[in-house]
Amino acid sequence: MDDGLRVTDRWIVPAAELRERFSRSSGPGGQGVNTADSRVELSFDLAASPSLPPALRARALERLAGRLVDGVVTIAASEHRAQLANREAARERLIALLREAVAPPPPPRRPTRPSRGAKERRLAEKKRQSQRKRDRRVDGD
């Protein structure tokens with residue numbers, strides 16, 4: 001637990017840059033739910049992190065703009081009864097979030113046109129559907 005988070009092959013978030021807060025969870029726990037601080041809030045200061053290269057930082061700040069509070073992203077985990085399990089869950093979710101935020105953008109889509117066969121199949125299906133509806137019609141004659 002003391003080591004950092006490996007987000008990508010080249011980027012590891014040092015443990016010193018992570019902040020954990022513990023509080024009482026509102027989930028399962030039986031008698032110990034009111035005494036054990038099993039809820040975990042894991043925070044990472046994305047804007048001020050020296051471990052993140054500037055290009056990746058700009059991309060991540062842009063993509064996570066709606067989740068950041070003063071440049072800090074926070075993940076809360078309280079689905080498990082044990083604090084240790086919630087710590088692992090919070091770390092895994094933070095890794096997934098950061099990995100998605102720094103991923104390169106997808107290649108641009110090359111516009112394509114439907115093939116001649118596809119156009120013909122579409123029109124033939126329209127004609128079949130039209131004929132089917134016409135056959136169901138009850139004429140007043």
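1. Start at Leu64. Its relative accessibility is 6%, so Leu64 counts as buried; the cut-off for that label is under 20%. This is a predicted model, and every point below should be read that way.

2. Where does Leu64 sit? Its place is in the loop between helix 1 and strand 5, the latter covering 72–77. Setting aside neighbours within four places in sequence, Leu64 touches Leu46, Leu97, Leu98 and Ala101. Glu100 is 36 residues away from Leu64 along the chain, yet their C-alpha atoms are separated by 9.7 Å.

3. Next, the helix pair. Helix 1 spans residues 54–63 and helix 2 spans residues 83–102. Their axes come within 8 Å and cross at roughly 110°.

4. Which residues make the contact? Helix 1 supplies Leu56, Arg59, Ala60 and Arg63. Helix 2 supplies Glu100, Ala101 and Val102. By class, the contact of the two helices has 4 nonpolar and 3 charged residues, with no polar ones.

5. Now the aromatic rings. How many aromatic pairs does a search of the whole structure find? It finds 1. The partners are Trp11 and Phe44, with ring centres 6.3 Å apart and planes at 50°, so the pair is tilted.

6. Are the two residues buried or exposed? Both Trp11 and Phe44 are buried.

7. On the overall layout, the chain has 3 helices and 5 strands. From the N terminus on, the elements run β-β-β-β-α-β-α-α.

8. Some totals for the chain. Of its 141 residues, 26% are buried. Among contacts with a separation of 6 or more, 61% join residues 24 or more positions apart. The accessible surface comes to about 10400 Å², and carbon and sulfur atoms account for 50% of that.

Terms used:
Residues are numbered from 1 along each chain as its sequence is written. This is a predicted model: local features need pLDDT of at least 70, side-chain atom pairs count only at pLDDT 80 or more; totals for chains, interfaces and linings use all residues. Side-chain values use heavy atoms; hydrogens and water are left out. Rings of Phe, Tyr and Trp (its six-membered ring) pair if their centres lie within 6.5 Å; planes under 30 degrees apart count as stacked, over 60 as edge-to-face and the rest as tilted. Buried means under 20% relative accessible area, exposed over 50%, partly exposed in between (1.4 Å probe, protein chains only). Axes are lines fitted to C-alpha atoms, for helices over the stretch in contact, and angles run from 0 to 180 degrees between N-to-C directions. Helices (H or I, at least four residues) and strands (E, at least two) are DSSP runs, numbered from the N terminus. Contact means heavy atoms within 4.5 Å. Ala, Val, Leu, Ile, Met, Phe, Trp, Tyr, Cys and Pro count as nonpolar, Asp, Glu, Lys and Arg as charged, and the others, Gly among them, as polar. Accessible areas come from the Shrake-Rupley method with a 1.4 Å probe; for residues, only the protein chains shown count as cover.
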